[in-house]
Amino acid sequence: MTKDLEILKNEDFHSSRNEIFEYFTNEIYENCSDKEKNLLLILSFPDYFNKYIIENVIGVENGYETLFKLYESNVFINREYDNFRFHELLRKFLNNIAAEKLSQAEINNVYELLKQDFVKS
């Protein structure tokens with residue numbers, strides 16, 4: 001009987017997780033403009049991001065304003081002083097979408113830009 005209960009709990013967890021991913025897909029990502037989607041995908045790679053990283057390292061023009069608009073819309077972006085982070089489930093979702101939508105060269109370029117800035121600091 002206890003084993004059956006554990007199986008049900010696991011099924012409920014996986015079902016809830018799928019519902020969360022559906023919510024991210026339908027309510028957050030799909031309702032964003034192409035510019036917002038691109039920014040979200042690019043920002044899914046670093047652990048955290050701020051105005052400097054967005055505009056000077058990655059080079060997304062007006063990216064900070066776009067990010068801040070999304071943050072104020074409660075799009076599962078956490079703020080810690082001047083730094084921002086995605087909620088972990090949103091970040092995983094965006095990484096999966098980025099792997100599908102961005103070329104390997106685009107992904108490598110983001111990592112290279114982040115690496116160069118890290119080495120400079």
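How much space lies in the largest pocket? The views below come from a predicted model.

**View 1. The largest pocket holds about 200 Å³ of space.** Its lining is made up of Pro 46, Asp 47, Tyr 48, Asn 50, Ile 53, Val 57, Leu 114, Asp 117, Phe 118 and Ser 121. Two elements, α3 (51-57) and α6 (104-120), each give two or more residues to this lining. Helix α6 supplies the largest share, three residues. Sorted by class, the lining of the largest pocket has six nonpolar residues, two polar and two charged.

**View 2. Helix α2 packs against helix α4.** Two packed helices are described by the angle between their axes and the distance between those axes. Here α2 spans residues 34-43 and α4 spans residues 63-72. The angle is about 95 degrees, and the axes lie 10 Å apart. Angles of 65 to 115 degrees count as roughly perpendicular, so α2 and α4 are roughly perpendicular to each other.

**View 3. Residues of α2 meet residues of α4.** From α2 come Lys 35, Glu 36, Leu 39, Leu 40 and Leu 43. From α4 come Gly 63, Thr 66, Leu 67, Lys 69 and Leu 70. The residues of this contact divide into five nonpolar, two polar and three charged.

**View 4. Tyr 29 and Phe 93 form an aromatic pair.** The structure holds eight aromatic pairs, and this is one of them. The ring centres are 6.1 Å apart, with 75 degrees between the planes. Planes over 60 degrees apart count as edge-to-face, and this pair is edge-to-face. Tyr 29 belongs to helix α1 (residues 2-29), whereas Phe 93 belongs to helix α5 (residues 88-101). The pair links distant parts of the chain, 64 residues apart.

Note on methods: Residues are numbered from 1 along each chain as its sequence is written. This is a predicted model: local features need pLDDT of at least 70, side-chain atom pairs count only at pLDDT 80 or more; totals for chains, interfaces and linings use all residues. Side-chain values use heavy atoms; hydrogens and water are left out. Axes are lines fitted to C-alpha atoms, for helices over the stretch in contact, and angles run from 0 to 180 degrees between N-to-C directions. Helices (H or I, at least four residues) and strands (E, at least two) are DSSP runs, numbered from the N terminus. Angles under 35 degrees count as roughly parallel, over 145 as roughly antiparallel, 65 to 115 as roughly perpendicular and the rest as oblique. Contact means heavy atoms within 4.5 Å. Ala, Val, Leu, Ile, Met, Phe, Trp, Tyr, Cys and Pro count as nonpolar, Asp, Glu, Lys and Arg as charged, and the others, Gly among them, as polar. On a 1 Å grid over the protein atoms alone, a cavity is a set of points where a 1.4 Å probe fits but cannot get out, and a pocket is an open set with protein on both sides within 12 Å along at least five of seven lines; lining residues have an atom within 4 Å of a point. Grid points are joined across faces, edges and corners, and a volume is the space filled by probe spheres set on the points. Rings of Phe, Tyr and Trp (its six-membered ring) pair if their centres lie within 6.5 Å; planes under 30 degrees apart count as stacked, over 60 as edge-to-face and the rest as tilted.
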